Amino acid sequence: MKQDMIVILDLGSHQNTTIAREIRALGVYSEIKPHDITVDELNALSNVKGVIISGGENNVIDGEKIDVVSDLYTAGYPIIAFDHDLAKVENKVYPKDEAELRAILKSFVFDECHAEANWNMKNFINDQIELIKKQVGDKKVLLALSGGVDSSVVAALLIKAIGQQLVCVHVNHGLMRKNESESVVEVFKNQLHANLVYVDASERFLTKLKDVADPEQKRKIIGAEFIRVFEEEARKLDGIEFLAQGTIYPDIIESGTKTAKTIKSHHNVGGLPEDLQFSLVEPLYQLFKDEVRACGVELGLPYEMVYRQPFPGPGLGVRCLGAITKERLEAVRESDAILREEFAKAGLDKKVWQYFTVVPDFKSVGVKNNERCFEYPVIIRAVNTIDAMTATIEQIDWAILMKITDRILAEVKNVNRVCYDMSPKPCATIEWE
Ligand code: XMP
């Protein structure tokens, strides 16, 4: 089943994604396309019900205001122009606020375009299963399954589409949170019966990281080693022709369109050597993060996996400050588990954007059982943000903070002090390294 689609032509407006999301929220599929898409290309999409020309503040390239191709105006599609005075259409609108934008979109999509509200996760999944089967045939697909939201949802979707033709590789770098790798194995191997290769590379990573204190160096080592381990596993497998990736829509938009500035380069499993040649399978490339989550829920993945907070690729490695030791890594992992448990009990897991603990590489004097001790502090961090560029701290209730402190001091080895990080971003960053 092909879903009806409204196309947004990108003339540099920062509102493009808001418009796309609003239309999808109406139950109609919407995609952003380059401003100079041709009428033939548009026709080839076959299910386009209407076109939005979204101008805005950045619609200038090399000093010239840009416009859509001129024969678009006579191609027969219903067209509306937002913030674009060049448009040769009657339907030119300049909405004052989001409420007005929403009302205009609703009337355009349903009254003028007569689009059907058939965009939902069930249809999306069924469409994707068909497309994946067609793309892959009887060949095998490889997936680096980190346990993060995107790769987990890709895995669940591919298992449904091609079952044992998918080979998942989970590399445990020893910097995962408590029970994280175990839950990947439990969900994917035991419950979904995935063809899963589990690689415990903990010792290997710890050896490489021994005595390395510089944060950037640590990140580089973890990233490079990850690719090396993954590549070694890939070489052991026969007949793999495809590589699946959890690329999602913001990755594509942020890679830069013709008008938008590149925010960050599109990251993927990149860095794989060129002699390992795969075609890509990227079934989530159309989805926003909340849609990826909804897709995961529809596919039956556990709530904790689908709604987990952001977790950096280098994992606890950047929260065990300085040169990593097993002792302090264990303190980070155990204190993080306590923090997450208590946040969940207090309902804060659904409210706070990101929360974790940090263990620095210095000790302080304390007293335990009437004896002097010299042990590490645990620092609690809990922040709220929209885009991770700036962040404010969560003002946690004292009673909850006291309970977490008591538990950490009683249950985590080598720790005699708990602190709360009060710093917003800026001046601080969210992570400590
Ligand atoms: P900072 O510390 O820069 O973090 O304020 C912003 C967000 O990015 C996450 N983060 C990372 N994610 N690899 C990742 O995949 C990394 O190396 C990395 N460093 C920071 C961080 O957890 C926060 O959500």
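Into which domains is the protein chain divided? In this predicted model, the chain comprises domain 1 (5-112), domain 2 (121-304) and domain 3 (319-420).

The centres of domain 2 and domain 3, taken over C-alpha atoms, are separated by 29 Å. Their contact draws 13 residues from domain 2 and 13 residues from domain 3. Between the two domains an area of about 1100 Å² is buried, and carbon and sulfur atoms give 56% of this area. On the side of domain 2, the residues that lose the most area to domain 3 are Arg177, Lys178 and Lys218, which together account for 43% of what that side buries.

The rule finds 2 salt bridges between domain 2 and domain 3. A salt bridge joins the side chains of Lys178 and Glu334, with a distance of 3.0 Å from N to O. Helix 7 (residues 202-209) supplies the largest share of the side of domain 2 that touches domain 3, namely 3 residues. Classified by residue type, that side of domain 2 has 7 nonpolar, 1 polar and 5 charged residues.

Helix 12 (residues 326-345) contains Glu341. This residue has a relative accessible area of 41% and is therefore classed as partly exposed, since that class covers values between the limits of 20% and 50%. Glu341 and Ile404 are 63 residues apart along the chain, while their C-alpha atoms are separated by 9.3 Å.

Helix 10 (residues 289-298) was examined for its buried residues, which are Glu291, Val292, Arg293, Cys295 and Gly296. In general, residues three or four places apart in an α-helix point the same way, because such a helix has 3.6 residues a turn. The elements that cover the buried residues of helix 10 include helix 1 (16-25), helix 4 (121-136), helix 5 (149-162) and helix 11 (303-306). Helix 10 is followed by Gly300, which has a positive phi, near 90°.

Key:
Residues are numbered from 1 along each chain as its sequence is written. This is a predicted model: local features need pLDDT of at least 70, side-chain atom pairs count only at pLDDT 80 or more; totals for chains, interfaces and linings use all residues. Side-chain values use heavy atoms; hydrogens and water are left out. Buried means under 20% relative accessible area, exposed over 50%, partly exposed in between (1.4 Å probe, protein chains only). Helices (H or I, at least four residues) and strands (E, at least two) are DSSP runs, numbered from the N terminus. Contact means heavy atoms within 4.5 Å. Domain bounds come from an automatic or database domain assignment. Buried area is the accessible area (1.4 Å probe) that two parts lose on being put together, summed over both. A salt bridge is a side-chain nitrogen of Lys or Arg within 4 Å of a carboxyl oxygen of Asp or Glu. Ala, Val, Leu, Ile, Met, Phe, Trp, Tyr, Cys and Pro count as nonpolar, Asp, Glu, Lys and Arg as charged, and the others, Gly among them, as polar.
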